[in-house]
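Have the coordinates open while you read.

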Amino acid sequence: MAKCDICEKGVHFGNAVSHSHRRSNHIWKSNIQTVKANVNGSVKTLHVCTRCLRSGLVERA
């Protein structure tokens, strides 16, 4: 699970560039945490990125 349930942040694709400027494909994955959160008065398990956790968009159970 590499997508945030709150902000829909997912993986990013690009090129890793070495010192000699050779390029290879690279995937950057978001820091997704599994969190028990209060959603409409009930506890649910969500996949949330750390930026949403830090900014207070999710109320932990």
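## The nonpolar core

In this predicted model, the largest nonpolar core has 8 residues: Cys4, Ile32, Ala37, Leu46, Val48, Cys49, Cys52 and Val58. A nonpolar core here is a set of buried Ala, Val, Leu, Ile, Met, Phe, Trp, Tyr and Cys residues joined through side-chain atoms within 4.5 Å. Buried stands for under 20% relative accessible area, exposed for over 50%, and partly exposed for anything in between (1.4 Å probe, protein chains only). Strand E3 (32–39) and strand E4 (42–49) are the elements that give two or more residues to this core, and E4 gives the most, with 3 residues.

What does cysteine 52 touch once its neighbours within four places in sequence are left aside? Cysteine 52 is in contact with Cys4, Ile6, Cys7, Leu57 and Val58, where contact means heavy atoms within 4.5 Å.

E1 covers residues 12–17, and it pairs with strand E2 (residues 23–28) in the antiparallel sense over 6 bridges. Pairing requires that DSSP finds at least two bridges between two strands. The two strands form a hairpin with 5 residues between them, and histidine 21 in the turn has a positive phi of about 70°.

Asparagine 15 is a handy spot to look at in E1. Asparagine 15 stands opposite asparagine 25 in E2; the two are 10 residues apart in sequence, with their C-alpha atoms 4.8 Å apart in space. Not counting residues up to four places away in sequence, asparagine 15 touches Arg23, Ser24, Asn25, His26 and Trp28. Its relative accessibility is 44%, so asparagine 15 counts as partly exposed.

## The chain as a whole

From the N terminus on, the elements run β-β-β-β-α, which comes to 1 helix and 4 strands. Elements are DSSP runs numbered from the N terminus: helices are H or I with at least four residues, strands E with at least two. The chain is more spread out than a compact globule, because its radius of gyration is 16 Å, well over the 10 Å that the globule rule gives for 61 residues. That radius is taken over C-alpha atoms, and the rule is 2.2 Å times the number of residues to the power 0.38.

The C-alpha atoms fill a box of roughly 55 × 20 × 15 Å along the principal axes. Buried residues make up 18% of the 61 residues.

## Ground rules

Residues are numbered from 1 along each chain as its sequence is written, and side-chain values use heavy atoms, leaving out hydrogens and water. As this is a predicted model, local features need pLDDT of at least 70 and side-chain atom pairs count only at pLDDT 80 or more, while totals for chains, interfaces and linings use all residues.
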